[in-house]
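Let's take a friendly walk through a protein model together. Have a look at the picture first, and then we will go through it step by step.

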Amino acid sequence: MNVDNEWAFGLLQRIAEGNEAAMREVYRALSRRIYAFALNQLKDPAHAEEIVVDTMHEIWKYPKRFRGEAKFSTWVLGIARYKILSAFRSRDPEHEELDEALPALEAGAFDLLAQKQRREGVQRCMEKLPDEQRECMHWVFYEGLSLAEVAALQQCPENTVKTRMFHARQKIKNCLRLLLEREGSSD
Amino acid sequence: MTEEETKQRFDELLPWYVNETLSAEERTWFESYLKSHPEAASELRWHHALQARIQESAPQVSTDIGLSKLMARIREERRASSPTFAERLAEFFGVLQLRPAMAMAFGLIVIQTAIIGALLFGEWEREQEYSAVRSVGETLSGPVLRVNFKPDAKEAEMRLLLIATGGELIAGPTQLGDYYVHVPADRLAQASNELMASGIVEAVFAVDHLPQKE
């Protein structure tokens with residue numbers, strides 16, 4: 001669904017007048033994306049659903065806060081991010097650090113990895129990333145945000161985003177390689 | 001730019017080339033690098049595959065997930081924020097910044113003013129009615145009762161009595177204290193009896209017509 005700012009302003013005006021149908025329309029347009037991000041961060045479906053409700057409730061209470069300086073969807077996801085940081089995100093003491101320090105992949109190895117890596121493997125490796133790197137990967141590859149948008153959301157310089165993406169991709173590559181090697185050795 | 005710096009720039013731009021958010025200038029540079037470094041194409045393919053796997057992992061949930069909870073929350077807030085009558089009244093006096101005793105005094109003044117206004121308006125209306133009654137000519141036909149009320153009969157009692165009998169005061173009082181009341185023909189006898197039984201009527205006579213104008 002095309003969620004552009006013009007569409008959003010129209011609905012937000014009606015929401016400001018207490019129109020529940022308009023609220024439902026906004027909700028259905030963005031709930032899945034908020035949920036996907038919240039689940040990416042919290043890894044808990046119940047908490048992720050709570051974040052969706054809390055985020056949308058914020059829009060219901062303060063619809064005039066959206067000024068159109070960013071994309072509406074980015075603004076909403078920013079609210080969700082804030083809700084997650086405020087309420088739930090904590091260091092996982094058993095967080096497994098992924099290794100970056102493996103030999104670089106050769107050109108052919110990339111193709112092999114690309115063919116063999118599966119959704120489950122990618123998901124498993126993503127879950128092992130530190131929160132900020134996993135978040136970065138979500139913004140770039142799931143939401144399709146530009147470098148500037150990711151930096152604005154994460155409230156950090158663009159170079160920091162580039163660094164996080166570099167390390168995240170290295171870790172994912174190596175994680176997937178190890179997974180596939182284990183699978184290969186158990187065949 | 002050294003080869004190492006060029007490779008670093010390629011690495012930095014790669015994710016955003018894949019998600020198609022590079023600027024035109026950046027995209028041109030990136031594609032030029034790809035042409036001059038064919039081995040980089042496999043890394044690009046891996047990133048496309050990675051993006052595809054990440055997007056495939058989108059949770060399969062309904063767009064209504066949590067919606068009923070939100071609507072319940074909204075409705076609960078609406079119910080909680082609707083003020084009761086007492087609260088609205090308190091808010092009104094609060095706006096006027098009145099203390100409770102002052103608020104009560106103010107309220108009494110408002111009520112008294114309303115009562116006095118109603119009485120004065122009622123008096124004016126009755127004056128209008130009397131003039132209208134006195135100006136009625138003798139053209140009205142049909143059964144008419146000439147009623148003489150007792151000297152101590154109160155006006156309010158007289159009016160209530162007339163309403164109760166279904167009568168309409170059409171003339172009077174004359175100098176002799178006669179009131180002329182028009183009643184429906186089929187109620188003539190009954191109205192006469194009701195008037196006499198009221199205790200405030202001295203005499204009732206059925207007449208054919210109204211007297212000449214005095």
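A residue is called buried when its relative accessible area is under 20%, and exposed when that value is over 50%. Keep this in mind as you explore the structure, which is a predicted model.

Start with the cysteines. A disulfide is a covalent bond between the sulfur atoms of two cysteines. The structure holds one of these over all chains: A:Cys125 pairs with A:Cys175, with 2.0 Å between their sulfur atoms. This pair ties together distant parts of the chain, since A:Cys125 sits in helix α6 of chain A and A:Cys175 in helix α9 of chain A, 50 residues apart. The link is left-handed, with -80° about the S-S bond. A:Cys125 has a relative accessible area of 0%, so it is buried. A:Cys175 comes to 7%, so it counts as buried too.

What about A:Cys136 and A:Cys156? The sulfur of A:Cys136 has its closest cysteine sulfur in A:Cys156, but the two are 6.7 Å apart, too far for a bond. A:Cys136 is buried at 0%, and A:Cys156 is buried at 16%.

Now turn to helix α3 of chain A, residues 45-61. At the start of α3(A), a side-chain oxygen of A:Asp44 comes to within 2.9 Å of the backbone nitrogen of A:Ala46.

Why is α3(A) described as largely enclosed by the rest of the structure? Because 12 of its 17 residues are buried, among them A:Ile51, A:Val52 and A:Trp60. Their cover includes α1, α2 and α4 of chain A, together with α4 of chain B.

Key. Residues are numbered from 1 along each chain as its sequence is written. Chains are lettered from A and ligands numbered from 1 in the order in which they are written. This is a predicted model: local features need pLDDT of at least 70, side-chain atom pairs count only at pLDDT 80 or more; totals for chains, interfaces and linings use all residues. Side-chain values use heavy atoms; hydrogens and water are left out. Buried means under 20% relative accessible area, exposed over 50%, partly exposed in between (1.4 Å probe, protein chains only). Helices (H or I, at least four residues) and strands (E, at least two) are DSSP runs, numbered from the N terminus. Contact means heavy atoms within 4.5 Å. A polar contact is a pair of N or O atoms within 3.5 Å; within protein, one must be able to donate a hydrogen and the other to accept it, and residues adjacent in sequence count only if both atoms are side-chain atoms. A disulfide is a pair of cysteine sulfur atoms within 2.5 Å.
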